[in-house]
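This report covers aromatic pairs, charges over rings, nonpolar cores and salt bridges. Please keep the structure open while reading.

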Amino acid sequence: MKKMYVLLSVIFLLSPIWGQKKNLLTDEKIEKRISALMQTMTLEEKIGQLNQIPADNGATGPTGPKILSGGNKKMLSSGLCGSMLNLFGAQPTREAQEIAVNGSRLHIPLLFGYDVIHGYKTIFPIPLAEAASWDVDLIEKNARIAAKEASSAGIHWTFAPMVDVARDARWGRVMEGAGEDPYLGSLIAQARVKGFQENLSNASDILACAKHYVAYGAAIGGRDYNGVDISERTLYEVYLPPFKAAADAGVATFMSAFNELNGIPASANAFTIRQILKKNWKFQGFVVSDWNSIGDLIPHGIAENRAAAANAGITAGVDMDMCSFIYIEELAKQVRSGIVKEYLIDDACRRILRMKFKLGLFEDPYKYCSMQRENADIFTPENRAAALDAAHKSIVLLKNEKQTLPITNDKKTIAVIGPLADDKEDMIGNWSAIGEPQSAVSLLEGLRNKISDKSTLIYAKGCNINDQDSSLFKNAVQVASRADFVILALGESKGMTGENCSRADIGLPGMQLELAKVIVKTGKPVIVVFMNGRPLAIPWFASNVPAIVEGWLLGTEAGNALADVLFGSVNPSGKLPVSFPYAIGQVPIYYNFKSTGRPFSPNQAWTTSYLDVPNEALYPFGFGLSYTKFCYGDIQLSSKTLGMHGEIKASIEVKNEGNFDGDEVVQLYIRDVVARISRPVKELKHFKKYILKKENQRLWTLQLLLKI
């Protein structure tokens, strides 16, 4: 058998400040052009570049919001706006750009920003689901497709990727990120940045935005917009690394968060923005506030009024104000009165102009406004095929007793039951841009596309997603009784995860658990397919049904992907990027926790534990089953000791001993058992996804080169 070798490297730094890389965002010729332009700008025109405004009044045309006559039009033609939010479509963006370029004194083009989170019109799995693929090349490719679609509709800038580490499943925005681990999150952050931006020279490249800076995922109580209280070490070791990775990948923009950190709101935090981001990391892009987060400094209690809030924001280093109009109203008079130094305005303006030059908008303000591209590049068959591939690889098999799965395509009657079985709208998830629910594939539709003529599908809704109505139970039981087995489609609506979608109870909403119990009582074999945007507490299912598939909210091709996995055309390969708890009381829960002085021991009293549930997760980070069987040999180390400036090579044999070809994510974790500063009980330090054929194919992989 041919042996395959792969060398992977990890370097452990003893300082909390990472090494610097060559900056990807500066160019000497561009800097000279910026300087020349700024010498001609008035103070008001400079501040205008710092002002982002929303499209007027939500008025919509065939492709997106239209700007109306009045306030917005006047602001654009006066050169008092640097960017517009939520304006999209080749024609509407061209009209706005013409007003800004032709009507203003200096003809400075606009940036058009829009939330392209997991696709523009072709909708990919939600980001948490894509993270379950552990396939960074796939994630980069999908971001590239999303950029191509969005850029064809006049969009220059997306407010993604969200790189917040999220350890609390109550927080609704867990669906937007890569889960609980800073290492996996860092690699995914880099992949998304590269996919969106590529080299920022083509009309299909868009500016990426690393958000929400910083530690937003640690919101107290899992409640959106809430404060954060963490140690400086946790900040550096857990929450900053994905942002640093994005910066090293050349991300063009950062977004300041809504939360406070150690008493200072993110949009007034000079330590995180000016010190860490701009000084230590030498970031040359610009920082945009989240929506009105500078205005929110007033209710935060650190600014007396709008003038004080504007001062705090610009002093901290927030370069662009998103939609509060606070900079455009307050900063000029503060500069003239000496309260705010003009060099702060100049620095912010320069950073924003830099990105407009990088995109080539001064050469051609309309390079993104092509009706021909818009009609040709959106929702193509190739893009849908990519969405299907992503959905396949995002599915995680959590349980499969007695080889319940895959389903054999024999003569069978299959009952499909549940509020999400015949659902298209929720499949595309929250933050789905201009994705059209009617274009998505439901589970029921996907199964109909998949089954042979020998089999029969029967369907019952069973209950709604989130109410207390059990009137449909009787029909669901009757349908189940006629079937050979049941597929239960349960979970959350797309509106139950995302911004301001925190939940205090992360069990199944409504009557879905009760529906599952009455269906299981029929005695029919039950396969549960969960469709959700966060980890759920599902201990009853783990104990009472033979097969569980985590199907997330998989986007445009959700139903086809799930059907392919259920029938075995695709062997599931996803691994959890976030832990599933037994109970809400365990949250926040994550695999890389610290040991205590009294670590849990089942045979000893007075150790850290719960009385009613285990300490560990029900389904932990990195977990995921396959239809085949992978066997691991012993780890082989090149040395038993690792000294300063030394290295250790680790290798392991992985073998496919099952009857299916399969993809396996080989994961390598370490632990420093004795250190000056306590370390987690386990830390992911590398992984690689391998394709292994059936019939005992072996893979020798030289997995890790450890250095200190």
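This is a predicted model, and it holds 23 aromatic pairs. Take Trp-134 and Phe-687. Their ring centres are 5.0 Å apart and their planes stand at 75°, so the pair is edge-to-face. Trp-134 sits in the loop between helix 5 (127-131) and helix 6 (136-151), while Phe-687 belongs to strand 22 (residues 683-692), so the contact ties together parts 553 residues apart in sequence. Trp-134 is buried, at 2% relative accessible area. Phe-687 is buried as well, at 8%.

Tyr-591 and Tyr-669 also pair edge-to-face, with 5.6 Å centre to centre and 80° between the planes. Tyr-591 lies in the loop between helix 21 (558-566) and strand 18 (630-632), and Tyr-669 in strand 21 (residues 662-670), so this pair joins parts 78 residues apart in sequence.

The charged end of Lys-682 sits over the Tyr-669 ring, 4.5 Å from its centre. Elsewhere, Arg-94 lies over the face of Tyr-366, at 4.3 Å from the ring centre.

Next, the nonpolar cores. The largest has 95 residues, of which Tyr-213, Phe-254 and Tyr-327 touch the most other members. Helix 14 (residues 342-358) gives the most to this core, with eight residues. What does Tyr-327 contact, leaving aside neighbours within four places in sequence? Its partners include Ile-47, Leu-50, Ile-294, Ile-314 and Val-318. Asp-319 and Asp-321 are also among them.

A second, separate core holds 85 residues, including Ala-166, Ile-451, Phe-473 and Val-549.

Helix 8 (residues 232-239) has its own buried residues: Leu-235, Tyr-236, Val-238 and Tyr-239. Their cover includes helix 7 (182-197), helix 9 (241-248), strand 8 (260-261) and helix 10 (270-280).

Now the charged pairs. The whole structure has 41 salt bridges. The table gives three of them.

| Salt bridge | N to O distance |
|---|---|
| Arg-33 and Glu-363 | 2.5 Å |
| Lys-393 and Asp-135 | 3.9 Å |
| Arg-144 and Asp-205 | 2.8 Å |

Arg-33 lies in helix 1 (residues 28-38) and Glu-363 in the loop between helix 14 and helix 15 (371-377), so their bridge connects parts 330 residues apart in sequence. Arg-33 is partly exposed, at 39% relative accessible area.

Lys-393 is in helix 16 (residues 381-394) and Asp-135 in the loop between helix 5 and helix 6, so this bridge ties together parts 258 residues apart in sequence. Asp-135 is buried, with a relative accessible area of 16%. Trp-134 lies in that loop too.

Arg-144 and Asp-205 link distant parts of the chain, 61 residues apart. Arg-144 is in helix 6, and Asp-205 is in the loop between helix 7 and strand 6 (209-213). Both are buried.

Salt bridges also form a network. Which residues does it link? The members are Asp-115, Arg-173, Glu-176, Lys-211 and Glu-499.

Technical notes: Residues are numbered from 1 along each chain as its sequence is written. This is a predicted model: local features need pLDDT of at least 70, side-chain atom pairs count only at pLDDT 80 or more; totals for chains, interfaces and linings use all residues. Side-chain values use heavy atoms; hydrogens and water are left out. Rings of Phe, Tyr and Trp (its six-membered ring) pair if their centres lie within 6.5 Å; planes under 30 degrees apart count as stacked, over 60 as edge-to-face and the rest as tilted. Helices (H or I, at least four residues) and strands (E, at least two) are DSSP runs, numbered from the N terminus. Buried means under 20% relative accessible area, exposed over 50%, partly exposed in between (1.4 Å probe, protein chains only). A charge sits over a ring if NZ of Lys or CZ of Arg is within 6 Å of the ring centre and within 35 degrees of the ring normal. A nonpolar core is a set of buried Ala, Val, Leu, Ile, Met, Phe, Trp, Tyr and Cys residues joined through side-chain atoms within 4.5 Å. Contact means heavy atoms within 4.5 Å. A salt bridge is a side-chain nitrogen of Lys or Arg within 4 Å of a carboxyl oxygen of Asp or Glu.
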